[in-house]
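Please read the following note with the structure open beside it.

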Amino acid sequence: MKKTYKIEVDCANCANKMELAAKKTEGVKDASVNFMALKMKVEFQDGADPEAVMDQVFRACRKIEPDCEIYYK
Ligand SMILES: [Zn+2]
């Protein structure tokens, strides 16, 4: 399952860090962040609960970039 989320982030460097953090999160098969479009595309592993996984993705992203936002709820 793939979903696309609107995000807020201040620069391409932080967007890249968010992408890496998302990729490392359990339940995420693949993730990519488009800084120009301010979108995060996430492919979930089979059986993963997208909202629960996104809670973890958001937490991981907030750790590296406290001002970032992911609109996933
Ligand atoms: Zn930044």
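1. Two terms come first. Two residues are in contact if their C-beta atoms, placed from the backbone, lie within 7 Å. Helices (H or I, at least four residues) and strands (E, at least two) are DSSP runs, numbered from the N terminus.

2. On the source: this is a predicted model, in which local features need pLDDT of at least 70 and side-chain atom pairs count only at pLDDT 80 or more, while totals for chains, interfaces and linings use all residues. Residues are numbered from 1 along each chain as its sequence is written.

3. The sheet is open and has four strands in the order β2-β3-β1-β4, with antiparallel pairing; two strands pair if DSSP finds at least two bridges between them. Because β2 and β4 (69–71) stand at the edges with a single partner strand each, one side of each has no neighbour in the sheet. On average, neighbouring strands are turned by 30 degrees against each other, direction ignored. Strands of a sheet pair through backbone hydrogen bonds, either parallel or antiparallel.

4. Individual pairs can be followed residue by residue. Six antiparallel bridges join β2 (residues 28–34) to β3 (residues 39–44), and V28 has F44 of β3 as its bridge partner. Three bridges, again antiparallel, join β1 and β4; K6 stands opposite Y71 in β4.

5. The hairpin of β2 and β3 has four residues between the strands. L38 lies in this loop, and its phi is near 55 degrees, a positive value in a residue other than glycine. L38 is partly exposed because 15 other C-beta atoms lie within 10 Å. (A residue is buried if 20 or more other C-beta atoms lie within 10 Å of its own, exposed if 12 or fewer, and partly exposed in between; C-beta atoms are placed from the backbone.)

6. F35 also belongs to the loop between β2 and β3. With 17 C-beta neighbours inside 10 Å, F35 is therefore partly exposed. Leaving out residues up to four places away in sequence, F35 touches V9, A12 and A15. The C-alpha atoms of F35 and C14 are 9.0 Å apart, although 21 residues separate the two along the chain.

7. Does the length of helix α1 agree or disagree with expectation? Its 13 residues (12–24) should span 18 Å at 1.5 Å a residue, and the end C-alpha atoms are 19 Å apart, which agrees. The expected span is 1.5 Å times one less than the number of residues.

8. Which residues of α1 are buried? They are A15, M18, E19, A21 and A22. Seen down the axis of α1, the buried residues fall within an arc of 165 degrees, so they line one face of the helix; the arc is that of the directions from the helix axis to the C-beta atoms. The face turned away from the buried side carries the exposed residues N13 and K24. The cover over the buried residues of α1 includes β2, β3 and α2 (50–64).

9. Apart from neighbours within four places in sequence, M18 is in contact with V9, V33, M40, C61, E65 and C68.

Definitions and conventions: Axes fitted to C-alpha atoms, helices over the stretch in contact; angles between N-to-C directions.
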